[in-house]
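Have the coordinates open and follow along step by step.

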Amino acid sequence: MVGGDRKCGVAMAELYVKPAPEDAAPPASSPKPVGPPPLGPASPALREGAVSRVTSGAAEEHDGSSPSAEDVMAPLMEALGTCRACVRKQVCDDISRRLAVLQDMWAQGKLSAPVKKRMAILVQELQKKNWDSADEIHRSLMVDHVNEVSQWMVGVKRLIAETRDLLPGVVAADTEEIAGAQPSGEA
């Protein structure tokens with residue numbers, strides 16, 4: 001068997017080392033190597049906002065600290081609570097199931113530090129109502145960490161979309177209640 005391996009290795013080497021005939025003309029131009037697609041957001045308008053935050057988050061991914069599950073889950077559950085008033089029960093229940101998967105994976109240590117950190121940034125953007133930035137971070141997680149996030153990220157995406165679509169008055173009233181202020185109309 002060793003002799004067979006050597007023959008195969010020699011034959012392969014001969015294929016790659018075969019000299020060109022002296023009278024053959026050199027190729028007009030050598031093909032340029034093809035690399036991976038560019039790593040950037042789909043929209044240049046988002047590049048300065050979300051991507052810089054994701055990139056800065058990526059730089060922090062190596063510092064060893066990691067956000068807690070509570071830091072990420074509490075705002076997501078809060079946003080889901082806000083949606084329950086206006087969004088179909090079936091949609092909210094699906095989002096809730098997917099967020100439970102996120103929480104379980106986090107508790108079981110199945111999420112990497114980069115995913116945890118980007119989720120913390122996504123939640124911050126969601127709280128600031130920076131929908132495009134939150135959506136861009138969601139997309140970057142789907143591209144860069146699809147195996148980790150595929151089971152639950154659809155719920156986060158839907159939560160971003162539903163929260164964005166809420167009437168501004170509903171979001172403002174809910175924010176006041178959460179902050180401890182009395183809702184307008186009550187004494």
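**Exercise 1.** In this predicted model, are helix 6 and helix 8 roughly parallel or roughly antiparallel to each other?

*Solution.* 
Step 1. Locate the pair: helix 6 covers residues 131–144 and helix 8 covers residues 153–165.
Step 2. Take the geometry: the two pack at an angle of about 170 degrees, and their axes lie 10 Å apart.
Step 3. Apply the cut-off: angles over 145 degrees count as roughly antiparallel. Helix 6 and helix 8 are therefore roughly antiparallel to each other.

**Exercise 2.** Describe how helix 5 packs with helix 6, from angle to contact residues.

*Solution.* 
Step 1. Helix 5 spans residues 113–127, and the angle at which it packs with helix 6 is about 160 degrees, with the axes 8 Å apart.
Step 2. Helix 5 is therefore roughly antiparallel to helix 6.
Step 3. The crossing of helix 5 and helix 6 is left-handed.
Step 4. From helix 5, the contact uses V115, R118, M119, I121, L122, E125 and L126. From helix 6, it uses W131, S133, A134, I137, H138, S140, L141 and D144.
Step 5. Sort the contact of helix 5 with helix 6 by class, and you get 9 nonpolar, 3 polar and 3 charged residues.

Note on methods
Residues are numbered from 1 along each chain as its sequence is written. This is a predicted model: local features need pLDDT of at least 70, side-chain atom pairs count only at pLDDT 80 or more; totals for chains, interfaces and linings use all residues. Side-chain values use heavy atoms; hydrogens and water are left out. Axes are lines fitted to C-alpha atoms, for helices over the stretch in contact, and angles run from 0 to 180 degrees between N-to-C directions. Helices (H or I, at least four residues) and strands (E, at least two) are DSSP runs, numbered from the N terminus. Angles under 35 degrees count as roughly parallel, over 145 as roughly antiparallel, 65 to 115 as roughly perpendicular and the rest as oblique. A crossing is left-handed if the near helix is turned anticlockwise from the far one by less than a right angle, and right-handed if clockwise. Contact means heavy atoms within 4.5 Å. Ala, Val, Leu, Ile, Met, Phe, Trp, Tyr, Cys and Pro count as nonpolar, Asp, Glu, Lys and Arg as charged, and the others, Gly among them, as polar.
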